[in-house]
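Me: I would like to learn how to read some features of a protein model, one at a time. Could we begin with charged side chains and go on from there?

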Amino acid sequence: MAKELGVSKSRQKKIENLVKEIIARRTRVDTLRKTYGEDFGQEVRGDAKLETLLERTGYESLNDYLRHRRLSANRIPKEGNGQRQSPPRF
């Protein structure tokens, strides 16, 4: 298809990713809660769009938001002695 349009494969991939990002930003937060859990996007109501959540939290993409949430969850102390436990190293 890229050749038919006269567009290189790498350019076509960039266009496809941009379209996916635009569609994702229009997704409702309550729909994303079905995938990521009920605690996803507590900063906004369920009928808000992902774009609104990102604007209010200051993140540029869903990946950035999810990455921050994972890091924040890892910083929460485990029950017990109050110190965070390190993950096992292999």
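Me: Is Arg-28 buried or exposed, or does it count as partly exposed?

Reply: At 35% relative accessibility, Arg-28 counts as partly exposed, since buried means under 20% relative accessible area, exposed over 50%, and partly exposed in between, with a 1.4 Å probe and protein chains only. This is a predicted model, in which local features need pLDDT of at least 70 and side-chain atom pairs count only at pLDDT 80 or more, while totals for chains, interfaces and linings use all residues. Residues are numbered from 1 along each chain as its sequence is written, and side-chain values use heavy atoms, with hydrogens and water left out.

Me: With which residue does Arg-28 form a salt bridge?

Reply: Side chains of opposite charge can pair when their charged atoms come close. A salt bridge here is a side-chain nitrogen of Lys or Arg within 4 Å of a carboxyl oxygen of Asp or Glu. Arg-28 forms one with Asp-30, where the closest N and O atoms are 2.8 Å apart, and Asp-30 is itself partly exposed at 27% relative accessibility.

Me: How many salt bridges does the count come to?

Reply: The count comes to five. Among them is the bridge between Asp-47 and Arg-45, with the closest N and O atoms 2.5 Å apart; Asp-47 is partly exposed at 37%, whereas Arg-45 is exposed at 60%. Another joins the side chains of Arg-69 and Asp-39 at 3.8 Å, N to O. That pair links distant parts of the chain, with Arg-69 in helix H5 (residues 62-75) and Asp-39 in the loop between helix H3 (29-36) and H4, 30 residues apart. Helices in this naming are DSSP runs (H or I, at least four residues), numbered from the N terminus.

Me: Which residues of H4 are buried?

Reply: An α-helix has 3.6 residues a turn, so residues three or four places apart point the same way. In H4, Leu-50, Leu-53 and Leu-54 are buried. Seen down the axis of H4, its buried residues fall within an arc of 95° (taken from the directions from the helix axis to the C-beta atoms), so they line one face of the helix.

Me: How many aromatic pairs does a search of the whole structure find?

Reply: A pair of aromatic rings is described by the distance of the centres and the angle of the planes. Rings of Phe, Tyr and Trp (its six-membered ring) pair if their centres lie within 6.5 Å, and planes under 30 degrees apart count as stacked, over 60 as edge-to-face and the rest as tilted. The search finds three such pairs. The rings of Tyr-59 and Tyr-65 have centres 5.9 Å apart and planes at 80°, so this pair is edge-to-face. Tyr-59 is partly exposed at 24%, whereas Tyr-65 is buried at 3%. Ring pairs link Tyr-36, Phe-40, Tyr-59 and Tyr-65 into a cluster.

Me: Where in the protein is confidence lowest, and where is it highest?

Reply: Where pLDDT is low, the predicted coordinates should not be read in detail. This score is the predictor's confidence in each residue, from 0 to 100. Confidence is lowest in helix H1 (residues 2-5), at a mean of 57, and highest in helix H4 (residues 50-57), at 93. The protein averages a pLDDT of 80, and 77% of the residues score at least 70.

Notes
Helix = DSSP H or I, 4+ residues; strand = E, 2+ residues; numbered from the N terminus.
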